[in-house]
Amino acid sequence: MSDISFHALGPARARSGEDPLVAFLLNARRLPVTVSARDVARLDSHRLQLLLVAQKQWAEDGVNFDVTDMAPGFREGLERLGLSSDHFDKELLQ
């Protein structure tokens, strides 16, 4: 199982319907995952909640879950929503 599933978050959450992140996470369950946050202009609480739940589930499954390329808007959103801006930094999780 060396394949890594990759998803790039859009600049903002889709307001019409379900965010593509949900479908991605459901389809990538039990696979190593990389989520790029390079294009995120504003992180909202819904997306953050999805990422936190997924991070915990992947950790319980013993599978890598990485959030990479965190844009300034993503990091600012983490702080605005009560987390450290380096919450998803891999080096700190080890």
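**View 1. Arginine 29, at 33% relative accessibility, counts as partly exposed.** Here, buried means under 20% relative accessible area, exposed means over 50%, and partly exposed falls in between (1.4 Å probe, protein chains only). A heads-up before going on: this is a predicted model, where local features need pLDDT of at least 70 and side-chain atom pairs count only at pLDDT 80 or more, while totals for chains, interfaces and linings use all residues. Residues are numbered from 1 along each chain as its sequence is written, and side-chain values use heavy atoms, with hydrogens and water left out. Arginine 29 joins aspartate 61 in a salt bridge, N to O 3.1 Å (a side-chain nitrogen of Lys or Arg within 4 Å of a carboxyl oxygen of Asp or Glu). Since arginine 29 sits in the loop between helix H1 (20-27) and E2, and aspartate 61 in helix H2, the pair ties together parts that are 32 residues apart in sequence. Aspartate 61 is partly exposed too, at 28%.

**View 2. Three strands make an open, parallel sheet in the order E1-E2-E3.** Strands (E, at least two residues) and helices (H or I, at least four) are DSSP runs, numbered from the N terminus; two strands pair if DSSP finds at least two bridges between them. At the edges are E1 (5-8) and E3 (65-68), each pairing on one side only. Neighbouring strands are turned by 15 degrees against each other on average, direction ignored; axes are lines fitted to C-alpha atoms, for helices over the stretch in contact, and angles run from 0 to 180 degrees between N-to-C directions.

**View 3. E2 (residues 33-36) pairs with E3 in the parallel sense over four bridges.** Look for valine 33, whose bridge partner in E3 is phenylalanine 65. Helix H2 (residues 45-61) lies across E2 and E3 and runs at about 140 degrees to E3, with contact taken as heavy atoms within 4.5 Å.

**View 4. Salt bridges link Arg38, Asp39 and Asp69 in a network.** Within that trio, the side chains of aspartate 39 and arginine 38 meet at 4.0 Å, N to O. Aspartate 39 is partly exposed at 40% relative accessibility, and arginine 38 is partly exposed at 44%.

**View 5. Aspartate 89 and arginine 75 form a salt bridge at 3.1 Å, N to O.** This pair links distant parts of the chain, 14 residues apart: aspartate 89 is in the loop between helix H3 (72-80) and helix H4 (90-93), and arginine 75 is in H3. Aspartate 89 is buried, at 16% relative accessible area, whereas arginine 75 is partly exposed, at 26%. The structure holds six salt bridges.
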